[in-house]
Amino acid sequence: MAEKTSTDPTPRSPLAGCTIMIVAILSMLFLVGFVIWNMFKLDDEISKFTTSEAQPTPVPDLVSNAAAFNKFQSKLELFRDAHGKEELATLKLSPEDINLAIATYDEFEDLRGTFSILSIEDGRLHIAISFPLGRKPMSKGELRFLNGTMIAEPQLAGDEIILVIDEILVPGAEVPDGFIGQMSPYRITMRYMEDKTLGPWMKNLTNLTVQGGLMVLTSSP
């Protein structure tokens, strides 16, 4: 009977196994170091156009703006009535109207002090912003804030209103196009899509335009 040929591989030496382990550990350390280096490099770039202190945006006083708020409420009621009757409904919002809505309604509480319309010009919203961008690497809770003016075009996209950002102006600094590209479109109303009141209202919008210093929302039956 022929002898069986052994197919067992040649035993690996302990030195070879140790070398592979060392290479794996060094590779892992390199990746960790690279990630940490990138974090600090990114933070260094962001620090050029951000600050460690928020600069809250203005919030209108409801008492001194009572007449303007009543006028805004009348606009809302007419819009709701027309929509309820399945008629063409149009809501024309001035910067003052939008800021009063932010100051009044609980749904917009998280926008107070961080987002305020300065003007509406040439089809664009000019917006005072004070956005928290996250914590510094290895810090104990210190935040970065983007304080400045955002210039953006409002658009209707599906069931939400988005802001396509043209530029962000920060006094004494320049915000890189790459950062703006990552931030735009800014989905400011995404948080309201599941809201019981605002969600269905946005779904019924059929058009959004900017005309004569006003943002015009349309809901067609």
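A residue counts as buried under 20% relative accessible area, as exposed over 50%, and as partly exposed in between, with a 1.4 Å probe and protein chains only.

Colleagues, the structure before you is a predicted model, in which local features need pLDDT of at least 70, side-chain atom pairs count only at pLDDT 80 or more, and totals for chains, interfaces and linings use all residues. Residues are numbered from 1 along each chain as its sequence is written, and side-chain values use heavy atoms, with hydrogens and water left out.

Let me begin with the overall fold. The protein chain has five helices and eight strands; these are DSSP runs numbered from the N terminus, H or I of at least four residues for helices and E of at least two for strands. Along the sequence, the pattern reads α-α-β-α-β-β-β-β-β-α-α-β-β. The chain has 221 residues, of which 34% count as buried. Among contacts (heavy atoms within 4.5 Å) with a separation of 6 or more, 55% come from residues 24 or more positions apart.

I turn now to the interior. A nonpolar core is a set of buried Ala, Val, Leu, Ile, Met, Phe, Trp, Tyr and Cys residues joined through side-chain atoms within 4.5 Å. The largest one comprises 44 residues, and Phe115, Met150, Leu163 and Ile168 have the most contacts inside it. Helix α2, residues 66-84, gives the most to this core, with six residues. Leaving aside residues up to four places away in sequence, Leu163 touches several residues, including Phe115, Leu125, Ile127, Met150 and Tyr186.

Next, the charged pairs. A salt bridge here is a side-chain nitrogen of Lys or Arg within 4 Å of a carboxyl oxygen of Asp or Glu, and the structure holds six. In one of them, Glu77 pairs with Arg80, with the closest N and O atoms 3.0 Å apart. Why are these two separated by about one helical turn? They are three residues apart in helix α2. Arg80 is partly exposed, at a relative accessible area of 45%.

A second salt bridge joins the side chains of Asp110 and Arg191, at 2.8 Å from N to O. Asp110 lies in the loop between α3 (95-104) and β2 (115-121), and Arg191 in the loop between α4 (177-183) and α5 (198-203), so the pair ties together parts that are 81 residues apart in sequence.

Arg124 belongs to strand β3 (residues 124-135) and Asp166 to strand β5 (residues 160-170), 42 residues apart. Through shared partners, salt bridges join Arg124, Glu153 and Asp166 into one network.

Finally, the pockets. On a 1 Å grid over the protein atoms alone, a pocket is an open set of points where a 1.4 Å probe fits, with protein on both sides within 12 Å along at least five of seven lines; lining residues have an atom within 4 Å of a point. The largest pocket has a volume of about 740 Å³, the volume being the space filled by probe spheres set on the points. Of its 30 lining residues, Leu93, Ala101, Phe108, Leu198 and Trp201 are the closest to its centre. Helix α2 supplies the largest share of the lining, five residues. The lining divides into 24 nonpolar, four polar and two charged residues, where Ala, Val, Leu, Ile, Met, Phe, Trp, Tyr, Cys and Pro count as nonpolar, Asp, Glu, Lys and Arg as charged, and the others as polar.
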